[in-house]
Protein chains: 2
Amino acid sequence: MDVFEAVAEPTRRHLISLLSERDHTAGELVDSLPALTQPAVSRHLRILREVGLVEARPDGQRRVYALRPDGLQRIDDWITPYRRFWRDHLTALEQHLENQ
Amino acid sequence: MDVFEAVAEPTRRHLISLLSERDHTAGELVDSLPALTQPAVSRHLRILREVGLVEARPDGQRRVYALRPDGLQRIDDWITPYRRFWRDHLTALEQHLENQ
DNA sequence: TAGTTGTATAACTAACTGCGTATATAAGCG
DNA sequence: CGCTTATATACGCAGTTAGTTATACAACTA
């Protein structure tokens, strides 16, 4: 699973949103998603860890999850070359020539 | 399928990249992806059309595909609030306070 | 009009994803 | 030590996805 597939899942985007406000323990995140069971949230967190979007630090019995600064940057790097497409409304040909 | 799932697929990101250089007919895109059959590429193009990332205009017998300027903007809008996370390397708490 | 070319759809299948239940692991607590 | 709490993993299942082959549809062409 790569970072694009990771953020394609709405629940994981929700987790990212929660973690962007402040760090949360795993249990707090479970409580924030009442539609899901604890194992379901735990697996989403594992995926977010594996693609580098979040990190977990142990705090006694708990695990505190935090958003990693460089995780989403990989998506931003991908989207950057296309940004002028909607910002300037250039035609594809004009863009191509600009790149020469 | 939403725009996030659409771009999560590597082949579809490849198609977006090709279309960002210039418009292509469906056949040209098929030729650019020799690992896939024509129906497979056609289905990817349908998905990209359905989520608004590309548009097709008929040109006689052919269909010319073009990248839509506003398609990827929805992903950019989502990522924008998190951009400061990697740009400024602020802590989550500092960001939260900034938003007050 | 018959054949050919360009593209889309149908039908099927293998692989993958996300979920819940059950269970394991590990740390705090009496 | 047991017992409880916090979190992760195992497993099986239902739904989805991406691929193929076969076929339909539509537009040129001789």
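Trainee: Which residue forms a salt bridge with Glu50(B)?
Mentor: Arg46(B) does, with the closest N and O atoms 3.5 Å apart. Bear in mind that this is a predicted model.

Trainee: Where do Glu50(B) and Arg46(B) lie?
Mentor: Both are in helix α4 of chain B. They are four residues apart, about one turn of the helix.

Trainee: Is Glu50(B) buried or exposed?
Mentor: Glu50(B) is exposed, at a relative accessible area of 57%. Arg46(B) is partly exposed, at 42%.

Trainee: How many salt bridges does the structure hold over all chains?
Mentor: There are 14. One of them joins the side chains of Glu28(B) and Arg22(B), 3.4 Å from N to O. Glu28(B) has a relative accessible area of 32% and counts as partly exposed. Arg22(B) is partly exposed as well, with 40%.

Trainee: What about Arg57(B), what does it form a salt bridge with?
Mentor: Its partner is Asp23(B), and the closest N and O atoms are 3.2 Å apart. Arg57(B) sits in strand β2 (residues 54–59) of chain B, while Asp23(B) is in the loop between α2 (10–21) and β1 (24–25) of that chain, so the pair ties together parts that are 34 residues apart in sequence.

Trainee: And how accessible are those two, by relative accessible area?
Mentor: Arg57(B) is partly exposed at 44%. Asp23(B) is partly exposed too, at 27%.

Trainee: Switching to chain A. Where does Arg83(A) lie?
Mentor: In helix α5 of chain A, which covers residues 73–87. Arg83(A) is buried, with a relative accessible area of 17%.

Trainee: Which residues does Arg83(A) touch, not counting those up to four places away in sequence?
Mentor: Asp76(A), Asp76(B) and Arg83(B). With Asp76(A), the Arg83(A) side chain makes a polar contact to the side chain at 3.0 Å.

Trainee: What links Asp76(A), Arg83(A), Asp76(B) and Arg83(B)?
Mentor: A network of salt bridges. Side chains of opposite charge can pair when their charged atoms come close.

Trainee: Which elements give two or more residues to the surface near DNA strand D?
Mentor: In chain A they are α3 (26–32), α4 (38–50) and β3 (62–67), and in chain B it is α4 (38–50). The largest share comes from α4(A), with five residues.

Trainee: What is the makeup of that surface by class?
Mentor: The surface near DNA strand D has eight nonpolar, nine polar and eight charged residues.

Methods. Residues are numbered from 1 along each chain as its sequence is written. Chains are lettered from A and ligands numbered from 1 in the order in which they are written. This is a predicted model: local features need pLDDT of at least 70, side-chain atom pairs count only at pLDDT 80 or more; totals for chains, interfaces and linings use all residues. Side-chain values use heavy atoms; hydrogens and water are left out. Ala, Val, Leu, Ile, Met, Phe, Trp, Tyr, Cys and Pro count as nonpolar, Asp, Glu, Lys and Arg as charged, and the others, Gly among them, as polar. Buried means under 20% relative accessible area, exposed over 50%, partly exposed in between (1.4 Å probe, protein chains only). A polar contact is a pair of N or O atoms within 3.5 Å; within protein, one must be able to donate a hydrogen and the other to accept it, and residues adjacent in sequence count only if both atoms are side-chain atoms. Contact means heavy atoms within 4.5 Å. A salt bridge is a side-chain nitrogen of Lys or Arg within 4 Å of a carboxyl oxygen of Asp or Glu.
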